[in-house]
Amino acid sequence: MTAVRDRVTAAFAAVERADFLTAEQQSLAAQDRPLFIGHGQTNSQPTTVRNMLMLLDPRPGDRVLDVGSGSAWTTALLATLVTQTGRVFGVERIPELVDWGMQNIARYSFGWATIRQADPDRLGLSDDAPYDKILVSAEARDLPQALVDQLDRGGRMVIPVAGRLSVVDRDAEGAVDVRRVGHYAFVPLR
């Protein structure tokens, strides 16, 4: 756990949260709380993001899906963790946030990270699946099978479900194990 903690700490040092906030919120970037980014969405609390990334354990070379990328802060953190040998696919349902998130990512020159407009009829990005890791920054009522199906064998997903954070592991044979940790509040997954 120390190695993943060190990698996540380094990613937080490399990617400034303020760069992914509105001008009005940038002075609050050091506060450990969610901050509004418009359109009814938030930039998640740093402690929550840190915990999710440590549970997810993204590694260099991983292909990662970032569902609910918002301002792209988590996308940028993931891009730092997977390095240029990996790929990060952010997906966001609000067109203005897709555009803003891409601008924010461009500032860091993460050519291996992209954000796409969510398809209202499909959850995730099944065309680019499977993924080694999936991070979901919005709360589902139930574990979405559509995202489980996009998780590769040996992969892991971290997703808030009904007020609890769920860690979903798919083993080498394809069997799925779900464990629930902690209580968290997120905007709803739609």
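Start with the strands. Select residues 131–136, strand E6, and residues 151–161, strand E7: E6 and E7 pair in the parallel sense over four bridges. Strands and helices here are DSSP runs, numbered from the N terminus (strands E, at least two residues; helices H or I, at least four). Two strands count as paired if DSSP finds at least two bridges between them. This is a predicted model, in which local features need pLDDT of at least 70 and side-chain atom pairs count only at pLDDT 80 or more, while totals for chains, interfaces and linings use all residues. Residues are numbered from 1 along each chain as its sequence is written, and side-chain values use heavy atoms, with hydrogens and water left out.

Now pick Tyr131. Its bridge partner in E7 is Leu151.

E7 and E8 pair in the antiparallel sense over six bridges. Select Pro160: its bridge partner in E8 is Leu165. Then go to the hairpin of E7 and E8, which has two residues between the strands. Ala162 takes a positive phi there, near 50°.

Next, the loops. Select Ala129 and Pro130. A cis peptide bond joins Ala129 and Pro130, with omega about 10°. Pro130 lies in the loop between E5 and E6.

Move to Ala72, in the loop between strand E3 (63–67) and H3. Phi of Ala72 is near 85°, a positive value in a residue other than glycine. Is Ala72 buried or exposed? Ala72 is buried, with a relative accessible area of 0%. Buried means under 20% relative accessible area, exposed over 50%, and partly exposed in between (1.4 Å probe, protein chains only).

Now select Ser109, in the loop between H4 and E5. Ser109 is not a glycine, yet has a positive phi of about 55°. Ser109 is exposed, with a relative accessible area of 58%.

Finish inside. A nonpolar core is a set of buried Ala, Val, Leu, Ile, Met, Phe, Trp, Tyr and Cys residues joined through side-chain atoms within 4.5 Å. The largest one has 35 residues; Val15, Leu53, Leu77, Phe110 and Val158 touch the most other members. H3 gives the most, with seven residues.

Select Phe110. Leaving out residues up to four places away in sequence, Phe110 touches Val15, Ala76, Ala79, Thr80 and Ile105. Contact means heavy atoms within 4.5 Å.
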